[in-house]
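Student: Could you take me through the salt bridges here, slowly? I'd like a close look at how charged side chains pair up.

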Amino acid sequence: MFRYVQQFGGVSQARIASAVDMTQGRVNEVINGRREVSRLDVFERVADGLGMPDDARRLLGLAASREGSGGRAVDLAAFPEVVRVYMSQASAADEMQHEARTAREVDVLAVRGLGLLALNDSLLRESFTRSGSAPLRLRVLLLHPESTALSLRAAEIGESVESLAHGVRLAEARLRELAQHCELGIWRYRSLPTWRIIRLDSTLFVSAFDAGWEGHESATYKVVQTPYGPLHRGFRRMFDAMVADSERVV
C-alpha cells in the first residue's frame with residue numbers, strides 16, 4: 001500500500017510516515033520488505049491515516065471506519081479473538097510450528113494438505129513425527145478427489161483435475177504413515193473449499209480459498225479461544241459438522 005501511495009499519489013515517505021504515525025525509517029523498511037506489519041492496531045492506524053475505504057479495510061480484517069459506520073467508534077478491543085494477522089502462511093510459519101510442538105489435538109481443513117502435513121519438509125509434519133512427542137489426535141479433512149468441487153477448484157487455480165486429484169491421493173497415502181505416531185482420522189469432503197483451518201489445541205490459524213489463489217497465499221488470522229467469542233466457536237462447529245457429513249477413509 002505504501003508503494004502504491006508513493007507511485008500513484010506522488011506522496012513522499014515522510015508524508016506517509018506522518019499520516020500513519022510511524023517514523024520515516026519504519027515506512028522505508030516496510031516498503032523494502034525488511035519489516036512486516038502484523039498487529040491489528042497498526043493496520044487500523046494505517047487504514048485511518050491513508051483514508052482507506054471500508055471495502056479495503058475489510059480486506060485487512062478491520063471493521064468499517066467511523067464515518068462508514070454512521071459515526072460510531074470502532075473498538076478493536078471488543079474483538080479479542082483475532083490476536084494477529086499475517087500476510088500469508090509463510091509469515092505465520094514459526095508461530096504455527098511452535099504451537100504444534102506441544103499440541104495434543106490438531107484439526108486441519110485443507111484441499112490436499114501437501115505443504116502442511118503430507119511431505120517430509122511440510123510445515124507441521126516434523127512436529128508430529130518426533131520421538132518422544134506427546135500423544136496426539138489428528139483429524140484431517142481433504143477435498144474428495146472424485147468430487148465436482150475438485151474439478152471446480154482445479155479450474156480456479158489453473159491446474160488439471162488429474163494433477164489436483166493425484167495430489168489429494170498422495171497426501172492421503174503420506175498421512176497414513178502418521179498413524180504410528182498419533183490417533184489419526186482422514187475424511188473426504190465434497191463442498192467447494194472456502195476456509196482453510198488449522199487448529200492447534202485452542203488456537204486457530206484461519207485463511208481463505210478464492211479463485212486464483214491457494215490457502216497458503218491468503219492472509220492468515222490467528223484466532224484464540226475466548227469465553228464469548230463467536231469466531232472460534234463458529235469455525236470449530238463448522239469443522240465438526242463437515243466431519244460428520246464427510247466420508248472417512250482412515
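Tutor: Let's start with the term itself: a salt bridge is a side-chain nitrogen of Lys or Arg within 4 Å of a carboxyl oxygen of Asp or Glu. Before we use it, note that this is a predicted model, where local features need pLDDT of at least 70, side-chain atom pairs count only at pLDDT 80 or more, and totals for chains, interfaces and linings use all residues. Residues are numbered from 1 along each chain as its sequence is written, and side-chain values use heavy atoms, leaving out hydrogens and water.

Searching the whole structure turns up 19 salt bridges. Take R26 and E29: their closest N and O atoms are 3.8 Å apart. Both sit in helix α3, 3 residues apart, about one turn of the helix (helices are DSSP runs of H or I, at least four residues, and strands are runs of E, at least two, numbered from the N terminus). R26 is partly exposed at 35% relative accessibility, and E29 is partly exposed at 25% (buried means under 20% relative accessible area, exposed over 50%, partly exposed in between, with a 1.4 Å probe and protein chains only).

Now try E172 and R188, whose closest N and O atoms are 2.7 Å apart in their salt bridge. E172 belongs to helix α10 and R188 to strand β4, so this pair ties together parts 16 residues apart in sequence. E172 is buried, at 4%, and R188 is buried too, at 14%.

Finally, salt bridges with shared partners link E105, D107, R137, R139, R199 and D240 into one network.
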